[in-house]
Amino acid sequence: TIDPDDCPPLGAPDNDLCPDAEAIGGEGVFAFNNGLAGSGDGNDGEPGHCATNGMENCEQFAGNCGIWNDVWYEWTAPSDGIYIVDTCFLTDIDAKLAVYDADTNSCPTSDDLPLDCNDDDNNDMGDPNCAANPYAAKVEFEAVGGQQYLIQMGNSPFAADAGGPGTFTIECVVQGACCFSDGSCQELTQD
């Protein structure tokens, strides 16, 4: 018998559940719509992360640590480097993000810590340009070229909005060089 609580809501996006993460790769701008996505509240087998487990930018809100109305992406890093995933001025939702190492070929559980997580703390990442967009989320993590990472994108728990459309960017920001799988390297500087 199938438990109705294990089913995504009618009209849910195809990437509503982690095992159905949408494959993306490289740097650029990526569209999402989490308006009809499921809860991701940490009570449905999906992870819920709080400051108490070392993720200081993923605070608990009213007793809940999850990422609500979440959608999932399986991103392949184009090269070694430090990458940022950012929603600043790219959506009107109260965004919350987490990134996980997907090299284990499984979706994270409530016991798995993300590489980084962020909820409304964009300014803590040193981005004064985003002060006028206080509900944006931004994560930074070290990636290995060719390796896959899971991005969990959704809403802060109990957000006034129930999700919606938007975009997020993925950008390599390491100072130095990003080296590609073909052996070539490109000198990069942080803007």
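Rings of Phe, Tyr and Trp (taking the six-membered ring of Trp) count as a pair when their centres lie within 6.5 Å; planes under 30 degrees apart make the pair stacked, over 60 edge-to-face, and the rest are tilted. With that rule, a search of the whole structure turns up eight aromatic pairs.

A word on the ground rules before going on. This is a predicted model, where local features need pLDDT of at least 70 and side-chain atom pairs count only at pLDDT 80 or more, while totals for chains, interfaces and linings use all residues. Residues are numbered from 1 along each chain as its sequence is written, and side-chain values use heavy atoms, with hydrogens and water left out.

## The aromatic cluster

Phe-30, Phe-32, Tyr-73 and Phe-168 make up one aromatic cluster. Two of its pairs are set out here.

| Pair | Centre to centre | Angle between planes | Class |
|---|---|---|---|
| Phe-32 and Phe-168 | 6.3 Å | 35 degrees | tilted |
| Tyr-73 and Phe-168 | 5.2 Å | 65 degrees | edge-to-face |

Both pairs reach across the sequence. Strands here are DSSP runs of E with at least two residues, numbered from the N terminus. Phe-32 sits in strand E2 and Phe-168 in strand E9, 136 residues apart. Tyr-73 belongs to strand E3 (residues 68–76) and Phe-168 to strand E9, so their pair ties together parts that are 95 residues apart in sequence.

Two strands pair if DSSP finds at least two bridges between them. By that rule, four strands form an open sheet with antiparallel pairing, in the order E2-E9-E4-E7. Strand E2 (28–33) and strand E7 (138–143) are the edge strands, each pairing on one side only. Neighbouring strands in this sheet are turned against each other by 20 degrees on average, direction ignored; for such angles, axes are lines fitted to C-alpha atoms (for helices, over the stretch in contact), and the angles run from 0 to 180 degrees between N-to-C directions.

E2 and strand E9 (residues 165–172) run antiparallel and are joined by six bridges. Along them, Ala-31 stands opposite Thr-167 in E9.

## The nonpolar cores

In soluble globular proteins, nonpolar side chains tend to be buried together. A nonpolar core here is a set of buried Ala, Val, Leu, Ile, Met, Phe, Trp, Tyr and Cys residues joined through side-chain atoms within 4.5 Å. The largest one has 25 residues, and those touching the most other members are Trp-75, Val-85, Phe-141, Ile-151, Phe-168 and Ile-170. At least two residues of this core come from each of E2, E3, strand E4 (81–86), strand E5 (95–101), E7, strand E8 (148–155) and E9. There is also a second, separate core of nine residues, which includes Ile-67, Ala-98, Tyr-100 and Leu-150.

What does Val-85 touch, not counting residues up to four places away in sequence? Its contacts (heavy atoms within 4.5 Å) include Leu-97, Phe-141, Ile-151, Phe-168 and Ile-170.

E3 and E8 run antiparallel, with seven bridges between them.

Glu-74 lies in strand E3 and stands opposite Leu-150 in E8. At 26% relative accessibility, Glu-74 counts as partly exposed. Leaving aside neighbours within four places in sequence, contacts of Glu-74 include Ala-21, Glu-22, Ile-24, Ala-102 and Leu-150. Its C-alpha atom is 9.5 Å from that of Tyr-100, 26 residues apart along the chain.

Most residues other than glycine have a negative phi. Asn-69 is not a glycine, yet has a positive phi of about 50 degrees. Asn-69 lies in strand E3 and is buried, with a relative accessible area of 16%. Phe-89 also has a positive phi, near 60 degrees, and is found in the loop between E4 and E5.

How values were computed. Buried < 20%, exposed > 50% of the residue type's maximum accessible area, 1.4 Å probe, protein only.
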